[in-house]
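These are my notebook entries on what I looked up in this structure. I recorded each entry in the order in which I consulted it.

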Amino acid sequence: MLERGEVANSWRRERWDSLRLLTPNWQTRLPGFPYQGSDPDGYMTVAEVTEFIERYAAFSRAPVRTGVNVTSVRRADDGYHVTTSQGEIRCRTLVIASGACNRPVVPGLSEGVPPEIEQVTPFDYREPGRLPDGGVLVVGASATGVQLAAELRRSGRPVILSVGEHVRLPRVYRGRDVLWWMDVSGVWDQRYDEIEDLTRARRLPSPQLVGTPERATLDLNTLTGMGVELVGRWAAVRDGSALFSGGLRNMFSLADLKMNRLLGTFDEWAVTHGRDAEVGPVERFEPTRPPASPRLRIDLRGGEIRTIVWATGFRPDYSWLHVPVVDDKGHLRHDGGVVTDSPGMYALGLPVLRRRRSTFINGIEPDAREVIDHLARHLGLPR
Amino acid sequence: MTTVTNGVNVQALLDAREALKKSPEAAQFVWRASSKWQNGVHTTITVKDFYGLGEERAHKSESVFQADHPEVFAADDNGITPIEYLLVGLASCLTAGVASVAQNRGIQLRSVEATVEGRHDIRGILGADPDVRNGYNDIKVTFNIDADASREEIEALVAQSQKRSAVFDALTNPTDVTVEVA
């Protein structure tokens with residue numbers, strides 16, 4: 001098991017200071033290793049996640065070789081030839097578990113941003129104090145975007161949030177964490193081969209959630225209430241100005257309708273499974289309030305914006321993978337983690353790899369069992 | 001599910017989507033219009049040919065449109081104003097989307113009506129105030145839909161139709177426009 005840095009490397013180096021897991025502690029479990037702390041409904045800090053993974057490495061006695069960076073993987077006669085910073089390795093099978101978030105995505109229009117504006121990605125960002133004083137334009141309204149917009153606004157800065165398609169969720173629904181509902185109602189167990197539009201499901205932005213001790217909802221209405229200005233999707237830079245889409249209201253409608261459909265499936269599940277009495281009454285939330293007249297153009301040269309935070313998602317990095325199994329969008333071609341075009345190659349920990357819970361810490365166990373079953377059959381091992 | 005007949009051949013559209021995923025070059029269309037100045041601010045526009053699926057194509061028949069300005073603009077009003085054509089495009093595009101999405105979702109439509117209003121401060125085009133833009137300040141579309149569906153399902157049809165609308169996108173996002181003299 002090769003690790004380019006230390007155990008829990010990306011948690012140590014690629015996260016901002018205030019981040020907590022989106023999943024409550026009781027859901028933070030690895031095979032044979034449940035959460036055993038005193039705050040099952042809380043959300044782990046980055047330091048706590050790092051420690052959790054370190055303890056699991058010791059518990060599982062996984063043969064981790066740290067400080068080994070893979071620089072190339074090529075097909076060999078009966079398997080793969082792996083070049084690393086610590087030498088060459090031959091293997092018959094290979095599991096790619098490097099994740100989907102190796103590089104922040106920064107759209108091409110960033111090239112038109114005037115040089116006096118500082119641009120940061122979530123990999124560079126640590127805390128508000130490290131950014132210049134003055135206005136911030138946060139681009140993207142997934143979990144990252146809404147969390148950073150709120151934190152920067154609380155630091156006293158004027159904040160504008162550019163909003164495209166997003167996933168709205170309340171933190172708590174009918175008295176239970178919304179991810180409790182995802183877990184127990186079977187939404188997270190929906191399999192990849194049962195999902196009608198799998199490409200779309202795999203591209204879905206992370207939900208607008210934050211893990212805080214108060215279990216507070218962080219949706220666009222919360223941000224509006226804090227004084228964050230909402231604008232549409234950033235469409236272009238023209239003559240030194242950022243131009244935003246005028247389709248913002250429909251972004252709100254799509255997200256509100258989708259949230260209400262999901263809450264409706266939870267309500268239905270509670271009734272059909274006899275759980276209606278143990279949860280709170282049915283709730284519906286205020287529709288997202290559109291700004292009276294959202295700005296379509298912001299002058300980037302006027303000094304209003306000092307910093308741009310690109311919360312526009314992440315992509316995997318397969319630059320080291322010299323096997324033709326990556327599609328023209330940069331995603332690994334696989335069937336539920338089995339890279340069918342290259343026998344003996346597997347993947348774990350990608351969005352909706354085998355089920356909707358695949359990218360959550362608690363989603364690895366069922367995926368790993370099924371993928372490793374396939375791997376063992378490939379090697380002709382008895383199971 | 002009972003058979004829904006909104007008159008949209010959704011299967012053909014879904015088949016085209018799959019086919020074009022594999023051959024994106026065939027998906028490249030060019031739409032065209034030709035205009036001819038008549039007199040004053042009256043122009044005649046014809047639309048017939050277009051390019052798509054790898055070859056030159058044409059509508060079954062040529063369409064001719066008159067564009068002019070109303071008498072309050074001191075014009076002859078031989079036809080609607082150019083900016084009203086944008087409303088024509090938006091209403092028809094969103095309505096086509098509603099019908100297609102309804103067909104795909106098995107929702108029978110009985111009637112779909114829309115009113116489109118664009119608020120326009122004409123001081124911009126007259127050059128009376130440099131801070132006023134030339135185009136619409138905002139546009140409001142109101143749908144009135146009678147269908148075998150809940151209000152939420154109807155709202156979802158309208159939202160999805162905006163999400164996949166060419167004219168909605170063209171109006172809400174900037175487009176790179178080149179105008180030159182031949």
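**Entry 1: a salt bridge between the chains.** I began with a pair of charged residues. A:Glu165 and B:Lys163 form a salt bridge, and their closest N and O atoms are 3.2 Å apart. I noted at once that this is a predicted model.

Entry 2: Which elements give two or more residues to the side of chain B that touches chain A? I found α4 (151-163) and α5 (166-172) of chain B. The element that gives the most is α4(B), with seven residues. By class, I recorded four nonpolar, five polar and five charged residues on this side of chain B.

**Entry 3: the extent of the interface.** I noted that 14 residues of chain B and 17 residues of chain A take part in the contact. The two chains bury about 1,100 Å² between them, and 56% of this is on carbon and sulfur atoms. Of the area that chain B buries against chain A, B:Glu152, B:Lys163 and B:Pro174 supply 42%, more than any other three residues. I also looked up polar contacts across the interface of chain B and chain A, and the rule finds six residue pairs.

**Entry 4: the domains of chain A.**

**Entry 5: the contact between the domains.** How much area is buried between domain 1 and domain 2 of chain A? I recorded about 3,100 Å², with 52% from carbon and sulfur atoms. In domain 1, A:Trp16, A:Leu22 and A:Arg356 lose the most area to domain 2, together 25% of what that side buries.

**Entry 6: charged and polar pairs between the domains.** I found a count of three salt bridges between domain 1 and domain 2 of chain A. A:Asp183 and A:Arg357 form a salt bridge in which the closest N and O atoms are 2.6 Å apart. The count of residue pairs in polar contact between the two domains is 18.

Note on methods: Residues are numbered from 1 along each chain as its sequence is written. Chains are lettered from A and ligands numbered from 1 in the order in which they are written. This is a predicted model: local features need pLDDT of at least 70, side-chain atom pairs count only at pLDDT 80 or more; totals for chains, interfaces and linings use all residues. Side-chain values use heavy atoms; hydrogens and water are left out. Contact means heavy atoms within 4.5 Å. Buried area is the accessible area (1.4 Å probe) that two parts lose on being put together, summed over both. A salt bridge is a side-chain nitrogen of Lys or Arg within 4 Å of a carboxyl oxygen of Asp or Glu. A polar contact is a pair of N or O atoms within 3.5 Å; within protein, one must be able to donate a hydrogen and the other to accept it, and residues adjacent in sequence count only if both atoms are side-chain atoms. Helices (H or I, at least four residues) and strands (E, at least two) are DSSP runs, numbered from the N terminus. Ala, Val, Leu, Ile, Met, Phe, Trp, Tyr, Cys and Pro count as nonpolar, Asp, Glu, Lys and Arg as charged, and the others, Gly among them, as polar.
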